Amino acid sequence: MLYRETGQFKISYAADQSVFPISQDRWFVSVVIAVAFFVVPVLASEYLLQAVMIPLLIFSLAAIGLNLLVGYAGQLSLGTGGFMAVGAYMTYKLTTAFPDINIIIVFLLAGLIAAFVGLIFGIPSLRIKGFYLAVATLASQFFLLWMFNKVAWFYNYNSSGTITAPPREMFGVIITGPMASAEIRYLVTLCIVIIFAFIAKNLVRGRLGRSWMAVRDMDIAAEIIGIRPFQTKLIAFAVSSFYCGLSGAMMVFLWLGSAETEAFSINESFNVLFMIIIGGLGSILGSFLGATFIVGLPILLTNAPQMVGLSMPIDMQKHIEIMLFGSLIIFFLIVEPHGLARLWQILKEKLRLWPFPY
Amino acid sequence: MEIINFLNLVFVAPIEDMVFYPIFFTEVVISGLLTGIMYSLVALGFVLIFKASGVFNFAQGAMVLFAALNLVGFIEQGFPIWLALVLAIVVMIILAFLIERFMLRYLINQEDIILFMATIGLTFFLQGFGEMLWGSNVKPLDLGIPNQSFEVGGVLLNEFDLFAAGSGAILVGVLAVFFHYTRIGRALRAVADDHQAAMAVGIPLKTIWIIVWSVAGFVGLVAGIMWGAKSGVQFSLSLIALKALPVLILGGFTSVPGAIVGGLIIGVGEKIAEIYWGPLVGGAIENWFAYVLALAFLLFRPQGLFGERIIERV
Amino acid sequence: MADFERETASLALSILVKRLILIGELEVIDAEHCHDSLLMYKTLIITKMTGRYFKMLRNLILILLGGVLGVTGVVATTPVVEADEQFIPMLVYRTGPYAPSGIPVANGFRDYYTMINNRDGGINGVKITFEECETEYNTKLGVECYEKLKNKGSTGASLVNPFSTGITYQLIPKASVDEVPILSMGYGRTAAADGRVFKWVFNFPTTYWSQASAFIRYVAQQEGGEANLKGKKIAHVYHNSAYGKEANPTLQALAKKYGYELVLLAVDHPGQEQKATWLQIRRAKPDWIFMSGWGVMNQVAIKEAASIRYPMDHFVGNWWSGSDADVVPAAASANGYKSATFHSPKSDFPVHSDIIKHVYDGDMSKAKKNSFGEVLYNRTIVNAMFAVEAIRTAQGKYGNRALTGAEVRWGLENLNITKNRLKEMGMEGFTKPVKVSCSDHETGGPIIIQQWNGSKWNIVSDWVAPIREVVRPMVEKAAAAYATENGIKPRSC
């Protein structure tokens, strides 16, 4: 009763088609963005930014990418780590070969290359479905990592096999490399993530998103009404790989500073899959919520015993942390299999009725 | 000239190698077959659970590790080997019971991917729990299985590998007989076919699931013994699941003979690729080659070699 | 009632369902078939659970989210300032895939620092405080641990021992910015031996490239001279990662120089299954095998080598493939396996009895439970000793107080551990004297070969020097390339 969304009428098509038609949503998102831009960099410590906020944003982007593929287009894929690696290594090659090009442009180019690679590895999706496709995408995961390990050209023949982010500037401020401060990197990441999340939201509202959802729900029926399944699936793979490649590039250049192939191993693929399942398949907000959960929870669990004043041997602590993580995943799935996004929806539904119970 | 050189290297030289050194080729093939059976041992656990409960149990790798850890832990505590084996089996049965009670029951009608994720959560839990109980050190596993190598016609064979292959074959045989000729086996096949119908004729779903997960746990224990004797029981044992996945998709998720045939194909294919074509590209291609091989088969049979045909209705 | 008495179920269920729908607790899965008591039965179990759990969950989520924000906020606060205590962060991996190697390492550091505190009252009166942070050998967690611990203590972290090549690579760019020196003893980035480019990274007493060249020199000694290397076949079995590939360029360069044939065999991570590699070895029949392995790859490799009946005394692992955990599964068949190292595997030196006395109060069995006497434990004793002596050296210049990272870096760079000092510390014969200089952060240290005899490791060779004239130019070249790529101006020393 107090939270009323009613009475908001639109008088132009543009207003009706806006991404956040309800003014409460608009306010909420604006406040969140304002806090993220102005409050967090000022108040948060370097550790908080470096260990929590930046990876959260980067993985949200990767989660959005995977959500487009799995949640909207219904193609189960476990090759996320490989595509992130493509983005990272291609950025490294391009920026070391052409140091003068703005690093953001390089990110986008690397994303395009990742999209192309994703397109190729998405070809089996016409024949293979379900878990078979998931395991088949593992082929792309392992092959890409093997290639980046083996072919020395990718890491400029240096003996360590790692790629390091060279210092790059934008508008006179250093944004990559060890000299870049955590706040600057955080702000750049935030901008990129907001822009691309917005693009993703619009993609899924449009014709492309609807064709993805049609293919997901019933691909034979979709084919009958004229949606071309092969093209649709391939575009899903391409767009998803673009996002994953972009987030991989950001991971190395704006967060870690350097990486070897181990940073993109199958654990990352599973991590991003967790994020979208816990966050909610088929939901952009869900990607953010899931990333918060998966990135924040281990840090919370690691620091919790100290906060409570409990001192435990560190390996016991780690074991309990792992067990708790696993149990919480199971618990979440039992209680809300549609993810945190669904919980958010239910919360808003309850809010509309509040303070009445029904 | 370059092209001819390249073609020669890729297509002619390896074949020549295989033909002119047949003894070594036989050794490679046999070793591939033996490795393949070891992979199938792990894949069997996946197949059993998928057949009966429709769950792609990613935790099978962790179950292999957990079972082996329990066994070695009991032996370290001083129990005689036979008692430790029995206790390890009992622990797996209790684990199956707990999984059914606290996880499967609440996820009955959920989508496949939710169940898959839940098993990944279970993987974490088992890894942490196993290490917490028994420690993270590597533990040697020696059950007195003979380990000598001997030569037969120039081909080197190892008693242990043969023993492992033999037990794998016996296990598959026993399971096949079990599924076809016993009452419980028939009940399992009924449940695999249609949960609702099976319940309608009075088959208790809960009990069946506990039985299946226990059998998968037992298969995991056998796999854990075979792999653990090679490398000592340690965390990396749970990563064997990743090597068994290509076997699974090649053979089909729902077929026990498929797991064996798939394992043999993957094992041989992997070894041949690594030894004859690996050096051309710098080696270590086994991992992704297995997946690419399985993928190639899948393109022709999307449900795996022996899997159930996927029938889609509009 | 509905749960257990099926007779009344059909009556009661319909009423219950309607009521539950009304109060919003029921998510009806299939409305049309609600009359089917079986489905309703199942539905109710789920939704009853869901309803009860739902409330719990909502609260749990709010608490968790609040906790995440709260904790991360609390974590942001600065720690309590300790007066006059030297803080050393410890990045350990007591769990995870490499725990068998990580546990003795963590114990070694902890015991040596504790001994210094208990026996000497700290370093010239300044006590050492240390904190373990679990990394699971995961690079990201390692960097996170570093970020968490680098500012702890009154003067920040004195130095960091990442004990993982991957984490070291990540920390190298950060070291100069955060002013925390890295002591990556015998691992990490070999090019850091050139101190002019890598001011903040130290890898004494020896590195992977030196080790590879010393291995070749050892083989030459065993074969009766360098001339006899010509025509021999040497295989390098290596973990397919940056760490494993480290020795390759050196081995290739030396192959050109001495005329032996080098066979490179990569083993894919994690190395649980190595039949293909060892079949190739069986066919190639190399005279010597050098292994750069890690974790489970070591155990399986040794077992496979025994299985193909390769002469174990011609199989030499590098110093990360020569610990007690590696030979455990192969047991008796690993007899004769050799490995390179740079310290004694024995634990009968005075420093060891000091540890037993001051850390374990003479309780030998408790010490053994804490990895006392293992090869990797001894290695970390050496590492911890270097750290402590570096701090002591720096105190000589800056005074007996808690020192900053930059001051400790000076101590590391001017470290000079003489034979007499080793004797004073009770380590004579345990390891070799070390003198670090500005341009040489490696000190070009020699290695020794130890051999497993079924129950323990024994030294079976003299100190073997590396082939510096081949290795040092390669190091300088790699360092120069790194400098150019990252815009670092090398210092002049």
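Modeller: Here is a walk from helix packing to rings and then to the backbone. Keep in mind that this model is predicted.

Start with helix α12 of chain A, residues 284–308. Its partner is helix α14 of chain A, residues 340–353. Their axes lie 8 Å apart, and the packing angle is about 115°. Angles of 65 to 115 degrees count as roughly perpendicular. α12(A) and α14(A) are therefore roughly perpendicular to each other.

Which residues in α12(A) and α14(A) meet? From α12(A) come A:Leu285, A:Gly286, A:Leu289, A:Gly290 and A:Phe293. From α14(A) come A:Leu340, A:Ala341 and A:Trp344. Sort the residues of this α12(A) and α14(A) contact by class, and you get six nonpolar, two polar and no charged.

Stay on α14 of chain A for a moment. A:Glu349 lies in this helix.

Now follow the chain past the helix. A:Pro355 sits in the segment after α14 of chain A. The peptide bond that joins A:Trp354 and A:Pro355 is cis, with omega about 10°. Most peptide bonds are trans. Chain C has a cis bond as well, from C:Phe204 to C:Pro205, and there omega is near 10°. C:Pro205 belongs to the loop between β4 (201–202) and α6 (208–223) of chain C.

The crossing of α8(A) and α10(A) is left-handed.

On the α8(A) side, the contact uses A:Leu208, A:Ser211, A:Trp212 and A:Val215. On the α10(A) side are A:Pro229, A:Thr232, A:Lys233, A:Ile235, A:Ala236 and A:Val239. By class, the α8(A) and α10(A) contact has seven nonpolar, two polar and one charged residues.

How far apart in space are A:Glu349 and A:Ser211? They are 28 Å apart, C-alpha to C-alpha, and 138 residues apart in sequence.

Now the rings. A pair of aromatic rings is described by the distance of the centres and the angle of the planes. The count comes to 64 aromatic pairs over all chains. One pair is A:Phe131 with B:Phe56: the centres are 5.0 Å apart and the planes stand at 70°, so the pair is edge-to-face. This pair crosses between chains. A:Phe131 is in helix α6 of chain A, while B:Phe56 is in the loop between α2 (22–53) and α3 (60–77) of chain B. Both A:Phe131 and B:Phe56 are buried.

Chain C has an aromatic cluster, and its members include C:Tyr93, C:Phe130, C:Tyr137 and C:Trp320. Look again at C:Tyr137. Its phi is near 60°, a positive value in a residue other than glycine. Most residues other than glycine have a negative phi. C:Tyr137 lies in the loop between β2 (127–134) and α4 (139–149) of chain C. With a relative accessible area of 16%, C:Tyr137 is buried.

Finish with A:Phe171. Its phi is also positive, about 55°, although A:Phe171 is not a glycine. A:Phe171 is in the loop between β2 (168–170) and β3 (173–176) of chain A. A:Phe171 is exposed, at 79% relative accessible area.

Terms used
Residues numbered from 1 in each chain as written. Chains lettered and ligands numbered in written order. Predicted model: local features only at pLDDT ≥ 70, side-chain atom pairs only at ≥ 80, totals over all residues. Heavy atoms only, no water. Axes fitted to C-alpha atoms, helices over the stretch in contact; angles between N-to-C directions. Helix = DSSP H or I, 4+ residues; strand = E, 2+ residues; numbered from the N terminus. Parallel < 35°, antiparallel > 145°, perpendicular 65-115°, else oblique. Contact = heavy atoms within 4.5 Å. Nonpolar A, V, L, I, M, F, W, Y, C, P; charged D, E, K, R; others polar. Left-handed = near helix turned anticlockwise from the far one by under 90°. Phe/Tyr/Trp six-rings, centres within 6.5 Å; stacked < 30°, edge-to-face > 60°. Buried < 20%, exposed > 50% of the residue type's maximum accessible area, 1.4 Å probe, protein only.
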